[in-house]
Amino acid sequence: MSLDSPKEPAIELVGIDKKFGTVHANKNINLTVAKGSIHGIIGENGAGKSTLMSILYGFYQADHGEIRISGKPVTIRDSQAAIAAGIGMVHQHFMLVENFTVLENVMLGAEGGQLLAKGVASARKELKRLEDDYGLEVDPDSVIEELPVGSQQRVEILKALYRGAEILILDEPTGVLTPPEADHLFKVLRVLRDQGKTIILITHKLREIMAITDTVSVMRRGEMVATRKTAETTVEELAELMVGRRVLLRVEKGAANPGAVLMSVRNLTVRDSRGVTMVDNVSFDVRAGEIVGIAGVAGNGQSELLEAIAGIRKPSAGEIFIDGKPVAGVDPAGLRELGLAHIPEDRHHMGLVLKFEEYENSILGYHRDAKYGRGPFLDLDAMRRDAEEKIGKYDIRPPNPRLRTANFSGGNQQKIVVAREIERDPKMLIIGQPTRGVDIGAIEFIHKRIIEMRDAGKAVLLVSVELDEIRSLSDRILVMFAGKIVGEKSSEAGEQTLGLMMAGIAA
Amino acid sequence: MSTVSVPLPAWINYGLIPLLNLILAFFFSGLVVWAIGESPFEALQLLLIGALGRGEGIGFTLFYTTSFIFTGLSVAVAIHAGLFNIGSEGQAYLGGLGAALVALAMDRYVPWYVTMPFAVIGAALFGAACAAIPAWLQAKRGSHIVITTIMFNFIVSSLMNYMLVRLLIVPGKMAPETRTFLPGGQLPKLDWLIAMFGGKLGAAPLNFSFLIALIMCFLVWVLIWRTKLGYEMRTLGISPTAASYAGIRYSKIVMITMLISGGLAGMMALNPVMGASARLQIEFVGGAGFVGIAVSLMGRNHPAGIILAALLFGILYQGGAELSFDMPSITRDMIVVIQGMVILFAGALEYMLRPVIVRAYQQFTGK
């Protein structure tokens, strides 16, 4: 990148407008991305980032507006056209064939001719060159499913580059990475930029924006509300622009006042359906009035641990005690009777039935309670009254218990789950990813509720892949790696220390 | 977001779209009729008059409708719990054995209204029994219910052959069927219902089981949308992971759902066995179990929709029979083609027109 020449725009979006029915997803968006820069786009869920990028990548057509690539107006009808225009996309959920090799995945759709052999040879050569140029080292012959997540993501980037991408769009790329892997990704992105590629980074993590981007644009409710040079802005300003009001980025909480042990796990081992050990001989206690956080990169057994405690998954060895009573093997209904509430990490598939109306979800798991209907019958009026009460108390929007749950935003969906589990006034609360895909305003709200539960003397077990969240909420932190608890730290432990433990490097 | 998730008003979703699908189905059926050299309009006219023109035609139409309501409900209940019961055919067949055994045992001693409740229970129990083994295999062993229920259709068919040919046949007769039930084992015809509208039932077999079918529609509606069991079934049907999270036991719900589903299919037998022929005959179900799949699909698995869809298929059955009688070049197989068109357009291609309508609706409302 030469500093003296004025940077010409790689992409210009002019007056992009898109409606889905009554939802105005993008309102007259103007955006200029300079060539050879890293441009961040932030905004809460539902702000319209994904729609905008989908228009750029040809998944949707804008109702109005123009897209210019290197100054020339283009029409992008589908992803083929996007690729031809030099745009590559790295999706949040990888689009890889799990049991193909790296090379096969990179070639897929660009095999070059009817016979494979020739294409393979030239692809291998090209792949080697790309890897050398950009420091994207991956073994071309390893099978995707055997690679760590960070490497899989590099394959996605290679795929885009192999197709001649000059412009790379990355959608929430660090969601699945350990801190070291994320650092590595950022290194790669800087090399790409310095070699003249243009990068658009979509994220909701303000820290990443500050760490890596040159310019940042903020979206709110379908509008592009601001564009700033990253060096000239602050995290506080960006957060305010995203939400439209001042937000507390730090959670305020007093000292914990731990009481008796309410929940203990002893030598718990959980195997998945294939017989692979996911939780390996884990033991810990959670006391009344404290929040115990479990840190770890996704896929290191946290999900299985939570499911075992919640009675959804049968442990293959070990014991779980609630109030001193052994409960391994008790089903979720029985555990709820004992005062265990569970905010599951996957609200779409577990915590909610998205096709249900809101009030139906507001009783899920507690539908047997007499207050929701006598005997075998459901009392719809009682259910709706109860739902309306929670909607008011948790400020769930839109305040309509008859609305399909799928039509609520991520934050409001999560509030439906949180309201249901907390309002039952449980003794113990286990929580997985309380704020995944939740906007900043709702995060603040949910964090406050969790602290309130602790201060009311409940035992709280928290699992999150967001290290910041674990650090700011927990009173004690357990780090999980490869199914084992590799260490316990106080909430003051540095990010560096925890990051290394999460990567299994130091204990 | 694609157009699938755009909300449309109910009158479009449940009125206009099915209507347009139906019109398309009739249009393509008309092309087929035209291709074999008959007038499509005349054929349609004959079909409608045959099905709805006279009291007797209506009686036949509602007789078929009755069977389709039972099998449609059977399929719908299972679908709500995420189970695809293809075995309604066999469950109905075995249900016939249950109804017939009750009728044979009681018809000498008591009037029909005493026999009826026992026959309903008998038919439902035998239908449920037929569904029980596939249900258990699905719940405990993970054998796919589609496969097992299909196989049970064949098992039941062979079993009934054996029963009718070897055990229940009237000694000295050739036809594999039971003796004719006495009036105490028959369900009365609904002459008065047709007479209320000024028609005459004539020889049509419309009988009391039509009313039982309507009652079952109401009970199924209560079950699915007003009970805790129905809530658990729907949760499991939409999201098995959410169900396990909520402590809803998979095997229990699968068993209960399939027993109810099989029971409803079994009750279908009341209509032909005790209402029409007054004896148990071989192959009396005649495909009504499979039509139930289409009926449930078209009726959006809702009892009200099932009544309408069952009525449509009743019209096609009765009108089709009249049509092939009046237009000899349109054979029985042609009628099956037309019914296939309806299933294709109204069921399988349900969403084909939706994007177009969504766009038109958006333009029309200016949003």
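This is a short tour of a predicted model, with stops to select one after another in your viewer.

Residues are numbered from 1 along each chain as its sequence is written, and chains are lettered from A, with ligands numbered from 1, in the order in which they are written. Because the model is predicted, local features need pLDDT of at least 70 and side-chain atom pairs count only at pLDDT 80 or more, while totals for chains, interfaces and linings use all residues.

**Stop 1: a covered strand.** Select residues 38–43 of chain A, which form strand E3. Helices (H or I, at least four residues) and strands (E, at least two) are DSSP runs, numbered from the N terminus. Of the 6 residues in E3(A), 6 are buried. Buried means that 20 or more other C-beta atoms lie within 10 Å of a residue's own; exposed means 12 or fewer, and partly exposed is in between, with C-beta atoms placed from the backbone. Ile38(A), Gly40(A) and Ile42(A) point one way, whereas His39(A), Ile41(A) and Gly43(A) point the other way.

Two strands pair if DSSP finds at least two bridges between them. Look for His39(A) opposite Ile200(A). Strand E9 (residues 215–220) of chain A also pairs with E3(A) in the parallel sense, over 5 bridges, and there Val216(A) is the bridge partner of Gly40(A).

**Stop 2: an exposed residue.** Is Glu236(A) buried or exposed? Glu236(A), in helix H8 (residues 235–243) of chain A, is exposed because it has 12 other C-beta atoms within 10 Å. Pick its C-alpha atom and that of Arg246(A), 10 residues apart along the chain: the separation is 8.0 Å.

**Stop 3: an open sheet.** Still in chain A, select the 6 strands that form an open sheet of mixed pairing, in the order E16-E17-E18-E13-E19-E20. Strand E16 (340–343) and strand E20 (484–490) stand at the edges with a single partner strand each, so one side of each has no neighbour in the sheet. Inside the sheet, E17 (residues 428–432) and E18 (residues 459–464) of chain A pair in the parallel sense over 5 bridges, and Gly432(A) stands opposite Val463(A).

Next, show helix H9 (residues 302–309) of chain A, which lies across E13, E17, E18 and E19, running at about 150° to E17(A). Helix H17 (residues 495–502) of chain A lies across E13, E19 and E20, at about 30° to E19(A). Axes are lines fitted to C-alpha atoms, for helices over the stretch in contact, and angles run from 0 to 180 degrees between N-to-C directions. Contact between two residues means that their C-beta atoms, placed from the backbone, lie within 7 Å.

**Stop 4: helices of chain B.** Select helix H2 (residues 40–52) of chain B together with H3(B): they pack at about 85°, with axes 5 Å apart. That angle makes H2(B) roughly perpendicular to H3(B); angles under 35 degrees count as roughly parallel, over 145 as roughly antiparallel, 65 to 115 as roughly perpendicular and the rest as oblique. Gly50(B), Ala51(B) and Leu52(B) of H2(B) and Gly57(B), Ile58(B) and Thr61(B) of H3(B) make the contact.

Finish with H3 (residues 55–80) and H4 (residues 88–106) of chain B, whose axes come within 10 Å and cross at roughly 125°. That makes H3(B) oblique to H4(B). Here Thr71(B), Ser74(B) and Val75(B) in H3(B) meet Ser88(B), Gln91(B) and Ala92(B) in H4(B).
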